[in-house]
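I opened a new structure today and kept notes as I went. Here is what I looked up.

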Amino acid sequence: MPALAEVLSTVAPNGDPRVCDLPTCPVCADSMVAAEASAFVSDNVVSYLWTCDTCGYGFVTKHSLRRFACN
Ligand SMILES: [Zn+2]
């Protein structure tokens with residue numbers, strides 16, 4: 001899905017997305033590998049649903065897309 005790849009590549013324009021964008025589980029502090037799902041909150045804000053593989057805890061993060069290119 002090209003649109004999803006575009007979103008993921010523009011979430012963190014500064015720095016390494018693997019370091020500054022991926023959250024850790026607030027329950028067991030395990031690192032999240034990939035979001036279960038994503039959804040647009042507005043034109044330039046996207047939310048991700050994360051589920052911890054270790055303890056099963058689920059949570060949502062929101063990210064601003066500063067350089068979102070739709071053309
Ligand atoms: Zn966990």
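This is a predicted model: local features need pLDDT of at least 70, side-chain atom pairs count only at pLDDT 80 or more; totals for chains, interfaces and linings use all residues.

I began with the spacing of the zinc ion's donor residues, which reads C-x2-C-x23-C-x2-C in sequence. Numbering runs from 1 along each chain as its sequence is written, and side-chain values use heavy atoms, with hydrogens and water left out.

Next I looked up the donors: the SG atoms of Cys25, Cys28, Cys52 and Cys55 coordinate the zinc ion at 2.3 Å. Donors here are N, O and S atoms within 2.8 Å of the metal (3.2 Å for Na, K and Ca); water is not among the atoms, so sites may look incomplete.

Why is the arrangement tetrahedral? The 4 donor atoms subtend angles of 102 to 121° around the zinc ion, and four donors count as tetrahedral if all angles lie between 85 and 135 degrees. The ideal angle for four tetrahedral donors is 109.5 degrees.

Then I checked burial (buried is under 20% relative accessible area, exposed over 50%, partly exposed in between, with a 1.4 Å probe and protein chains only). Cysteine 52 is buried because its relative accessibility is 2%, whereas cysteine 55, at 38%, is partly exposed.

Last, I turned to threonine 61, which is buried at 17%. I found contacts (heavy atoms within 4.5 Å) from threonine 61 to Pro23, Val46, Ser47, Tyr48 and Trp50, leaving out residues up to four places away in sequence.

Definitions and conventions: Four donors count as tetrahedral if all angles lie between 85 and 135 degrees; four count as square planar and six as octahedral if opposite donors are over 155 degrees apart and all others between 65 and 115; anything else is irregular.
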